[in-house]
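Subject: Structure handover

Hello,

Here is the structure for your set-up work. My notes on it follow below.

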Amino acid sequence: MKRICVFCGSHVGNDPDYAGMARASALAIVRAGYGVVYGGGGIGLMAVVADTALAAGGEVIGVIPHALARTEMAHQGLTELHLVSTMHERKAMMEDLSDAFIALPGGFGTMDEFCEVLSWRQLRLHDKPIGLLNYRGYYDALLALFDSMVRQGFVGPHTRGLFIDARTIEELLAEMFAEKNLP
Ligand code: AMP
């Protein structure tokens, strides 16, 4: 089965609409016929994505380090839960298990995961589609920074194009599927 890795916040944010966005994203992924890979937590938007995808009959695979299983309340109802030793192992396994990556609104952890798959694609360590859900402009400032990096000569225009951003999950998935002719 094809799977999309979802990076998102271990918090739910201050506006309940963020949870709605996470639910809509999980549903869209399952309806498109994809399984979900994520960090395995039972908190924040991560839990919202997992619970929604499971309730819709989707496959959900979690990958969580032993040390975080308690603080991030490892989800006990997943299709599969992989307990790993380190954050590095977590990210490597999430990458291996997935055919594409999407970042929803989140914090530093989400940023780290998004930038890592992006830099790995830049280094040609994989060639899987990457999407940034710029829900209600949440990532406008980050996109402006990326554009500035291109203008300053630290990121090539081609490299800047290694991920897709869109304001709705439907738009984002459509553009990502078109990019790689994914079904
Ligand atoms: P956050 O976006 O900060 O709420 O974190 C979302 C998820 O990313 C959580 O499961 C964190 O454990 C994970 N995370 C936090 N820091 C890192 C990191 N340096 N590398 C990868 N994942 C991280």
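First, a definition for the burial labels: buried means under 20% relative accessible area, exposed means over 50%, and partly exposed is in between (1.4 Å probe, protein chains only). The areas come from the Shrake-Rupley method with a 1.4 Å probe, and for residues only the protein chains shown count as cover.

This is a predicted model, in which local features need pLDDT of at least 70 and side-chain atom pairs count only at pLDDT 80 or more, while totals for chains, interfaces and linings use all residues. Residues are numbered from 1 along each chain as its sequence is written, and side-chain values use heavy atoms, with hydrogens and water left out.

**Ligand site**

The ligand sits in the largest pocket. A pocket here is an open set of points on a 1 Å grid over the protein atoms alone, with protein on both sides within 12 Å along at least five of seven lines. To sit in it, a molecule needs more than half of its atoms within 2 Å of the grid points.

The shell around the ligand holds 16 residues, and the closest are S10, E72, G107, T110 and D112. The cut-off for the shell is one heavy atom of the residue within 4 Å. Helices α3 (87–97) and α4 (108–122) each supply at least two shell residues. The largest share, 5 residues, is from α4. Helices are DSSP runs of H or I with at least four residues, strands are runs of E with at least two, and both are numbered from the N terminus.

Which side chain has an N or O atom 2.6 Å from an oxygen atom of the ligand? That is T110. R90 places a polar side-chain atom 3.0 Å from a ligand oxygen. F108 uses its backbone: an N or O atom there is 3.4 Å from an oxygen of the ligand. The protein buries 80% of the 490 Å² that the ligand exposes when taken alone. Polar contacts are pairs of N or O atoms within 3.5 Å; within protein, one must be able to donate a hydrogen and the other to accept it, and residues adjacent in sequence count only if both atoms are side-chain atoms.

**Elsewhere on α4**

C115 lies in α4. It counts as partly exposed because its relative accessibility is 33%. C115 and F7 are 108 residues apart in sequence, yet 11 Å apart in space, C-alpha to C-alpha. S119 is also in α4. At 28% relative accessible area, S119 is partly exposed. S119 and L78 are 41 residues apart in sequence and 29 Å apart in space, C-alpha to C-alpha.

**Two buried residues**

R160 is in helix α6 (residues 157–160). Why is R160 classed as buried? Because its relative accessible area is 17%. Beyond its neighbours within four places in sequence, R160 is in contact (heavy atoms within 4.5 Å) with L143, F146, D147, V150, V155 and D165.

T52 is in helix α2 (residues 44–55). At 13% relative accessible area, T52 is buried. A polar atom of its side chain lies 2.6 Å from the backbone oxygen of V48. T52 also touches R23, A26 and L27, leaving out residues up to four places away in sequence.

**Positive phi**

R124 has phi near 60°, a positive value in a residue other than glycine. R124 is in the loop between α4 and β6 (130–133), and is exposed at 76%. R136 has a positive phi near 50°. R136 is in the loop between β6 and α5 (140–151), and is exposed at 55%.

Best wishes

Notes:
On a 1 Å grid over the protein atoms alone, a cavity is a set of points where a 1.4 Å probe fits but cannot get out, and a pocket is an open set with protein on both sides within 12 Å along at least five of seven lines; lining residues have an atom within 4 Å of a point.
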